[in-house]
Amino acid sequence: MGNSHNTLKICFVTTRYPVEGYPVNTFLEQLVSAIAKMGIECYVIAPYSRTHDKFTGKNYFAKPISSRCYDGNNVKVFCPRMLTPTSKRILGIPFSKIFLKEFQNKVEKTLKKNRINPDVLYAHFIKPSGLAVADIGRKYGVSSFVAYGESSLNLISGFDKDFLE
């Protein structure tokens, strides 16, 4: 990975990105829009679980690939589907680890399949985006960072200390 052109490329990784009829994480779309308007090449990868939506009753229908235009600057949005029911521990089974592995796998596959070579990986929230981006960035030598605005770290519960290191 890594950009061979002069234009800076940022790949935003999140669990949800706004779609018609489901205005979730609109603040992230505002950030992506503002950065794209500066002429920076932006991509969004937002893997999501249709099975999780079934269990929780949510109705999030994202197209696998779409494009948004902000003042003439196109942003490719990728929403690969996953088949994990939850990110919690149930009956002693750490689904959070399975969820994270599947999430990270979808992000990596999307980057490779679409030949996206970002200069920066931006994760929105710690779990699962931040954990996945930290590992992907380390693996491919890409700068990565996490935006985290919550007041506590209980979002990473379900992961043991050795796993997080």
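The chain folds into five helices and ten strands, as seen in a model that is predicted. Among contacts between residues at least 6 apart in sequence, 67% join residues that are at least 24 apart.

**The sheet**

- Six strands form an open sheet whose order is S4-S5-S2-S1-S9-S10, and the pairing within this sheet is mixed.
- The edges of the sheet are strand S4 and strand S10 (143–147), each of which pairs on one side only.
- From one strand to the next, the twist averages 20°.
- In general, the strands of a sheet pair through backbone hydrogen bonds, in either a parallel or an antiparallel sense.

**Two pairings within the sheet**

- Strand S1 (residues 9–13) and strand S9 (residues 120–124) run parallel and are joined by four bridges, with Cys11 standing opposite Leu121 of S9.
- Strand S4 (residues 65–70) and strand S5 (residues 73–78), by contrast, pair in the antiparallel sense over six bridges, and here Ser66 stands opposite Val77 of S5.
- S4 and S5 form a hairpin with two residues between them, and in the turn Asp71 has a positive phi of about 50°.

**Helices packed on the sheet**

- Helix H1 (residues 26–37) packs on the sheet, where it touches S1, strand S2 (41–45), S4, S5 and S9, and the direction of H1 makes about 60° with that of S4.
- Helix H4 (residues 126–140) also packs on the sheet, touching S1, S9 and S10, and its direction makes about 160° with that of S9.

**Nonpolar cores**

- The largest nonpolar core holds 20 residues, of which Cys11, Val13, Ile45, Phe103, Val107, Leu111 and Leu121 touch the most other members.
- At least two residues of this core are supplied by each of S1, S2, helix H3 (95–113), S9 and H4.
- Ile45, leaving aside residues up to four places away in sequence, touches Cys11, Phe12, Val13, Thr14, Phe78, Pro80, Val107, Thr110 and Leu111.

Terms used
Residues numbered from 1 in each chain as written. Predicted model: local features only at pLDDT ≥ 70, side-chain atom pairs only at ≥ 80, totals over all residues. Heavy atoms only, no water. Contact = heavy atoms within 4.5 Å. Pairing = 2+ DSSP bridges. Axes fitted to C-alpha atoms, helices over the stretch in contact; angles between N-to-C directions. Core = buried A, V, L, I, M, F, W, Y, C linked by side-chain atoms within 4.5 Å. Buried < 20%, exposed > 50% of the residue type's maximum accessible area, 1.4 Å probe, protein only.
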